[in-house]
Amino acid sequence: MCDKRLCACEKKVHPGFMNPFDDRVKALDEAYENFTKVESGSLLKKYLDRHVFNMLKTRLTNTQSSLMDVIQSGLKNLDSNVGIYAPDQHSYSVFAPLFNPVIEEYHRGFTPEDVHPPLDWGDPEKLGNLDPDGEFIISTRIRCARSVNGYPLNPTMTKSHYQELEAKVQQILSTLEDELKGNYYSLIKMDKITQQQLIDDHFLFKEGDRFLEAANSNRFWPVGRGIFYNDAKTFLVWCNEEDHLRLISMQKGGDLAAVYSRLVRGATEVGKKIPFSRHRRLGYLTFCPTNLGTTIRASVHARFPKLNTNPERFHEIANMYNLQGMLA
């Protein structure tokens, strides 16, 4: 016969795991079962097989985030390319059996045994000007993303987290000097006309991204969100959009060295005053596994009149060089 005291203990689980009888596990099981019956080209669909799902479905992070918090956007948006997000920094370790193969494929061969090297910005001056005659490049933009130690990522941030982090960021940005000197504008205090103008000018982010919404990333909007920009509007910082911070350097023309130098100065100065989340293997951590390591992305707005009339050829050339191309 079974000892009732032992039977009662069978439902206990180790900290960091959900009780197998928890309603959240039941909801996960149902959601995954439905997901197995639909078509999707996402990396989530490719790598969340039954074995991985069963391995991860009862795990919890240090913010009590579950596998559902990681995959809910991909479950809802079947046209996602990736389909997973990290609700907190701990997720990259707790749900590594799912994150690792997604990271390896998206970042083209970064295996679970690879380690991101220490930060080295290189020599910006060696980059030069990509289009000194101004024949093709209209503007150049480089950005990096950062998360702040001591705060979870968007889906698990409280209203107080948003307010407290925004206040810290605003104070730090107010100390920037020379070319980086500017002003911070809180979204909750911004009038609609100014807000729309900044969006139209491609300076300000906006609410409404369905992938982020499904990942529970737009909570308490617009609390804790804002934008900083210098007087020339060539250095911008977004606060609590998709990530805690997006640092952006941009200007007209193709002077890549100038744009990158400004980003390096801005990120370095801000990083001196607030600790960024950095993983020993993955580099800088952010909300989306597509933004890891250096988190740097560079883009140019350029004129290609003939390619503009041949979208298939345009994307074929972009893919040859592992670039993301968009036609205006």
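## Two domains and how they meet

The protein's domain assignment, automatic or taken from a database, gives domain 1 (16-107) and domain 2 (124-321). This is a predicted model, where local features need pLDDT of at least 70, side-chain atom pairs count only at pLDDT 80 or more, and totals for chains, interfaces and linings use all residues. Residues are numbered from 1 along each chain as its sequence is written, and side-chain values use heavy atoms, leaving out hydrogens and water.

Visitor: How many residues does each domain bring to the contact?

Guide: The C-alpha centres of domain 1 and domain 2 lie 27 Å apart. Counting contact as heavy atoms within 4.5 Å, domain 2 brings 27 residues and domain 1 brings 22 residues.

Visitor: Which residues of domain 1 lose the most area to domain 2?

Guide: Buried area is the accessible area (1.4 Å probe) that two parts lose on being put together, summed over both. Between domain 1 and domain 2 it is about 1900 Å², with 59% from carbon and sulfur atoms. On the domain 1 side, 36% of what is buried comes together from the residues losing the most: Y85, Q89 and Y92.

Visitor: Which side chains meet in a salt bridge?

Guide: A salt bridge needs a side-chain nitrogen of Lys or Arg within 4 Å of a carboxyl oxygen of Asp or Glu. The count between domain 1 and domain 2 is one salt bridge. At 2.5 Å, N to O, a salt bridge joins the side chains of R210 and D79.
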